[in-house]
Amino acid sequence: MRTDRKIATGLTALVLLLAGLPVMAQEAKVPVKEVTLDNGLKLLMVVRHESPTVSGGWVAHVGSVNERPGITGIAHLFEHMMFKGTETIGTKDYSKEKPIIAHLDAIRQQMEKEYAKLRAAKRRGEIQGNIYAPENETDELKTLRAEMKKLQDQEHALIKKDELDKIYTENGASGLNAFTDYDMTTYFVTVPSNKLELWFWMESDRLLHPVFREFYSERDVVREERRMRVESDPIAKYEEQYDSMFWTSVPYHHPVIGWPSDVESISRQEADQFFATYYAPNNITVALVGDFEPEEAVTFAKKYLSRIPRGAHEPPPIVTQEIPQLEERRMSAEAETNPTVEIRWHTVPFVSKDKAAVQIMADLLNGRTGRLYKSLVESKHVASGEPYAWSRAMKYAGAFEIGAEVADGHTHQEVEDALLAEISRLQSEPVGDHELQKVKNQSLADSYRRLRSNFYLMLQLLIYDAEGDWHALNDMPGRLQAVTADDVMRVAKAYFTPTGRNVMWYSRKAGTEEDPELAALEGKARLAAKQMLAQIGQVNDPSQLQQIITKLDASKDQAPPEFKPAVELVLKRARERLEKLSSAATGKEK
Amino acid sequence: MRRLNIIAATLLILIASAGTSLSQIAKRPEQLKFPELSFTVPDAGSMRFELANGIPVYAKADTQLPLVTVTVLFRGGAYMEPAGKEGLASIAGEVWRSGGAGDRTAQQLDEDLDYLAADLSTSIGDVSGQVRLNVLSKDLDTAMPILMDVLTAPRFQADRFAKAKDDLIQEMKKRNDDSANIERREWDRLIYGDGYWINHLPTKTSVDAITDADCKSFVTSLVKAGNVVVAVAGNFEEPALKNLLDRTLGALPKETAQVPPVPQPDHVQEPGVYLIDKPDVNQGRVSVGQLGFRLGTPDEASLRVMNDILGGGGFTSRITKSVRSDKGLAYSAGSYMTFPVTYPGFFRALFQSKSRTCAGALGITMRLIRGMGEQKVSASELETAKSSFLLTFPRRFESAERTATLFAGDELLGRPHSYWTSYRQRIAAVTADDVLRVAKDDLHPDRMVILVVGNSEEILKGYPDFPDKLGDFGPIHKVPLRDPLTLAPLTEEGK
């Protein structure tokens, strides 16, 4: 228990003193028991007997921030490999499997040499597209791949498919999973409370004797994951590049899932090195939340986890700092989405003394009684939906974003101006007592809401630990209550500068817009109108557009009756565009 | 000397025990011995009481946190929307909360609830809806009258009503942006048919036709004492809670609502491949399946176990193992079955794969589906699936809120509480023969529909490593995208 007796007594006195005044609730405090093993592994425990389960997880303090060019995505690929079993689990006979794995790696190295040639050929312009596409496969690669396939079949015969998963499943575990982020790789599962020892057995086994089997097919799974999450998502593919623009030097610059070229070429040897450096017990924290006795858990921890030797070297520190941004940066994307504006600034890391004030700033802006909604939606009517603000404080740096969807009939510029006006207000006027108290009341209630599930409490402990300090779970609610109007004004001025701005404008990609007038047309007429509208959209020269309009106008009477409404629509749009082009031209001359 | 001896002896014991503790580590997890763990389903009857007007309440105390949740559940939903007013349930559900109540304007209601740090939400779903309040337990007395205002005197304030309609139309504009949304919409059309209420989706015209009076009468017609079941969970004292509820919810007039039965689908879709072109994505989304069953169908337990082995059980299931883990053809691959209480669900196997390998992965998936009806599952597969159902069952009752809401939902929709008390027994009774039988009788691979959304040109090319082509799985029907606002087909073929 971390509750300090003196503080507790002090609180009682305070409560008595305040008797008769309205009841004030205290922010949540979670009794966390912390134990560190001799090998440096840290264990965090919270006992709650409500449900006969234990949510168990651990975090390796490694994420994409620890990667270098060429192996981006390895932390995440690695997370996948940790489910492939061990020398005991997932195999019929590891001694027979081992030489096959070595052979596979040797073939893969030969294939890498071939891919290097293909990369060179692509640089010279001799081949097009993806070097891994079947069209680009050389005869040598075909042979090697066939050989690989043969070995994979041999390996397959020796594998007990996904046995790690099977053992947990048949023992009543649920939610076996993991995630990788910039600063962390986190593994977790919920087990029935009588199976705590199984959890220690399984997790210590995969930390002690992991086998990265099926490495190359799993790499393909990760490529599919990237296609799903990023490349086939209408927005995520642009957000990835926006993120990459936002972070210049700090290694949050590359995506957690990795650049596609790197994911396709990471080798098992690189994975081995990665494991040796970052998966040592001195770089790992375990969290258990649920129905168990801490003394028993400590006994199990000593028995199972103490076996893992401390790493030979401490993981190297991250030294690269984000270089100060010199000027505002902008990106605009034509995407399949509604028009949207996003503005992002660099703020503070997780452990910063200013984190609480920055969070309160986001809270003041958010929600239907928040400043963005009141201004952009209720007063100025320039945004649709609910404008948002988020603050994300990570281990080495932080970001803060506000954004909104542009309402019909309004412009990106109006939304951007309205968003920025709310930042200026926070910089120039102290926030009122009632408004500040409102967000503090919410933050206090949320400090309890966050604790409703054992699983999420376990995750929060691990995430906070990875971002800098798990004590934030208990300290942050109090720090949020202590934020003053002056604090908010100070951080608003310090971090939200014009030169530090990053602005993203999404506009709807031509041809994917909803268009009620177009949709109202019949069959062929609609198709024809759609094509003509797309062509007109490409014309940027007012005089050329004028010629088109004149021609259309002259020929419209000859059009068959079913096409008349289509021609009218096209003419109307062409005239609107002409007006816009002419006024833009006039604007430039000023 | 003696002292030294003691130290030496202690050291020896320590060393010895360290030695044994290491040697005690089991070689395999199967060798571990676990203490017994028994679980009894909480007694629904003991949580239930009735208010003066007959409203049933399921209350379960949990004093761990100073929070309390009151959920008012009611029957009725989107299936009752009149033709031409599609979207009514969703808009009414939204403006009910956002549009003010009692003597509070929308803005005052928002301010007061936010200052109180109370989460108060309203929603109307497919066949039922709810009003839910979560608040610090010290503020329950203050918040309950506000909940009552929302329940009985919603204002549907004009600006918020207009806003909800605009927002829904903004959302509708995104209908074709994400291939996942297209797939979700078209799947329901294939399974339930255009005529079924699930596919009566809002259009710009139908949203324009909805009035605030429509919302008010829709909501008012459902909030009747005879149509409501309440769940309460969290930090409360039972006498005080009963008193509070009697003064508030207990005062609702003793009326029943005219809630019609949920219509049943009668659609039969021509089997084959339904292909929707979405040229700008590099991964295809593929779904295969058929109409299924309501909850409580005699084969339910066997069907659940069957599906778990086929594709429902994650990495222990055949589809995930084969399509993802063996071949690396997908990140997400598996199957699921739904068993709604009031209308039949469906069986659906699904995956996403790069365009060129969609047909190959589909071939594997189809062979696995067929295989379920051809050969008995292994004892080990059966055991894993059944153990998982049996041992994870207690998690349905892991919090007071889950338990109270589950039991209240039973009474609301007509699912007997005994469904839960006999659940494990029914799962335990499933045999490999049962699994084979239900796969043969209830899965119809030859009559299934296959939905494919993605870059059709690439998908049709196939991949050299796999013999399968999309056309091998039945006639290919090219399905047009639909205009996001009118839902009219966007090309000639759809006419």
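Which residues does B:Val232 touch, not counting residues up to four places away in sequence? In this predicted model, select B:Val232 and display its surroundings: the residues touched are B:Val57, B:Tyr58, B:Ala59, B:Lys60, B:Val68, B:Thr69, B:Val70, B:Leu241, B:Leu245 and B:Ala404.

Then colour chain B by domain: domain 1 (44-251) and domain 2 (272-494) each contribute at least three residues to the core.

Now turn to chain A and select domain 1 (34-91 + 159-307), domain 2 (329-508) and domain 3 (516-589) in turn. Keep domains 1 and 2 of chain A in view; their centres, taken over C-alpha atoms, are separated by 30 Å. Contact between them involves 39 residues of domain 1 and 41 residues of domain 2. The two domains bury about 3300 Å² between them, with 66% of that area on carbon and sulfur atoms.

For the polar side of this interface, show the 18 residue pairs in polar contact. Four salt bridges are found across the interface. Zoom in on the salt bridge between A:Asp465 and A:Lys42, where the closest N and O atoms lie 2.9 Å apart. Finally, select helix H8 of chain A (236-246); H8(A) gives the most to the side of domain 1 that touches domain 2, namely seven residues.

Methods:
Residues numbered from 1 in each chain as written. Chains lettered and ligands numbered in written order. Predicted model: local features only at pLDDT ≥ 70, side-chain atom pairs only at ≥ 80, totals over all residues. Heavy atoms only, no water. Domains from an automatic or database assignment. Contact = heavy atoms within 4.5 Å. Buried area = accessible area lost by both parts, 1.4 Å probe. Salt bridge = Lys/Arg side-chain N within 4 Å of Asp/Glu carboxyl O. Polar contact = N/O pair within 3.5 Å; in protein donor to acceptor, adjacent residues only side chain to side chain. Helix = DSSP H or I, 4+ residues; strand = E, 2+ residues; numbered from the N terminus.
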